[in-house]
Amino acid sequence: MDEKLLNKLKEITEEEYALLNGDESVKQELYTASKEFVIDSKKLLEKGQYIQFRPHTRFAHFPNHRHNYVEMLYMCSGSTTHIINDNTTLVLNEGDILFMNQNVYHEILPAGEDDIAVNFIILPAFFDKPLAMIEENNILRDFLISTISEGSSANTYLHFQAKNILPINNLIENMIWTILNKTPHINSTIQTTMGLLFMNLSHYADTLKKDDPNQYDQNIVFSVLQYIETHYKNGSLEEIASDLGLPTYAISRTLKKHTGSNFKELLQTRKLQQAVYYLKQTNLSIDDIMENIGYNNSSYFYNIFKKKYACSPKDFRDN
């Protein structure tokens, strides 16, 4: 991270001064007016804001809490120790990213002066424009978004280890710098940057922390969706099951649970997404498009395309 920016984030806040000068604990009233410790976005965001960041409060144990927003935590330097959903301990190191939806219970052990983390407070509505910016849908990004969305009923989090991935580090640093300096067109800049961040996280999905048993299902889903992204033409459930060392039924059950679709349906979705890309961006014939996405039965292709998009491939292209 840029040294000047990091030094700015290291500055002792008013809350931290109080903790260093005798306050024994974090004051809950700074974060919420309710009895249950649910951090309220209204305490942290100005009216009309969809996103803001604040440096994580050091020098004290941050008690168990939830948020009424999506939180993205980025570790700028040092490390912090987090207890997730009362039973999982995560240590975040420099470059790590932790996404948490609104149902996650979160506790943080005391951090030292050089343990610099940034908490992004993000309202769900913020994600509308980053998603709209992405012209071609991507089933891996769709899954990533769904796990942290407002509508998710699970207490879900995603932990990425991205220290050595320069594009991801640069994008997050850009968001911090943009918010800190209140640059012109701040909202559109940050939303575009967030869209690019999701693109990169889906591309580098192998940075998702693999050895966390509480993310076991997410790891399987990410692995399968990554496989579909690159093997949509000829991919098979049997092949990815063999690669993962798991029975096909276990993969199917996990996919259905977390995406609502089985392998065949997800593969078909990705094929059709690619067909749409070819129809929009190339002059390939429809027969060539079918071949490129792995279909050789034109009647079947036309039927599933019309069912998905309510028109034929030709009409889609013409319109």
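Modeller: Let me begin with the chain as a whole: among its contacts (heavy atoms within 4.5 Å) between residues at least 6 apart in sequence, 71% join residues at least 24 apart. This is a predicted model, in which local features need pLDDT of at least 70 and side-chain atom pairs count only at pLDDT 80 or more, while totals for chains, interfaces and linings use all residues. Residues are numbered from 1 along each chain as its sequence is written, and side-chain values use heavy atoms, with hydrogens and water left out.

Biologist: What makes a residue of the protein chain count as buried, and what percentage does so?

Modeller: Buried means under 20% relative accessible area, exposed means over 50%, and partly exposed lies in between, with a 1.4 Å probe and protein chains only. Of the 319 residues, 50% count as buried. The secondary structure comes to 14 helices and ten strands, where helices (H or I, at least four residues) and strands (E, at least two) are DSSP runs numbered from the N terminus.

Biologist: What makes a set of residues a nonpolar core, and which residues have the most contacts inside the largest one?

Modeller: The term covers buried Ala, Val, Leu, Ile, Met, Phe, Trp, Tyr and Cys residues joined through side-chain atoms within 4.5 Å. The largest such core has 33 residues, and those with the most contacts inside it are I97, F120, I176 and M194. Helix 6 gives the most to this core, with six residues. Leaving aside neighbours within four places in sequence, M194 is in contact with I51, M72, I122, F126, F127, P130 and M175. A second, separate core of 30 residues includes L272, I286, I289 and F316.

Biologist: How do you know whether helix 12 is roughly parallel or roughly perpendicular to helix 13?

Modeller: Axes are lines fitted to C-alpha atoms, for helices over the stretch in contact, and angles run from 0 to 180 degrees between N-to-C directions. Those under 35 degrees count as roughly parallel, over 145 as roughly antiparallel, 65 to 115 as roughly perpendicular and the rest as oblique. The axes of helix 12 (residues 286-293) and helix 13 (residues 298-309) come within 11 Å and cross at roughly 90 degrees, which makes helix 12 roughly perpendicular to helix 13. In this pair, I286, M290 and I293 of helix 12 meet S298, F301 and Y302 of helix 13.

Biologist: What angle do the axes of helix 9 and helix 10 make?

Modeller: The axes of helix 9 (residues 237-244) and helix 10 (residues 248-259) come within 9 Å and cross at roughly 100 degrees, so helix 9 is roughly perpendicular to helix 10.

Biologist: Why is the pair of F305 and F316 called edge-to-face?

Modeller: Rings of Phe, Tyr and Trp (its six-membered ring) pair if their centres lie within 6.5 Å, and planes under 30 degrees apart count as stacked, over 60 as edge-to-face and the rest as tilted. A search of the whole structure finds 16 aromatic pairs. The rings of F305 and F316 have their centres 5.7 Å apart and their planes at 90 degrees, so the pair is edge-to-face. Because F305 lies in helix 13 and F316 in helix 14 (residues 313-318), the pair ties together parts that are eleven residues apart in sequence. Both F305 and F316 are buried.
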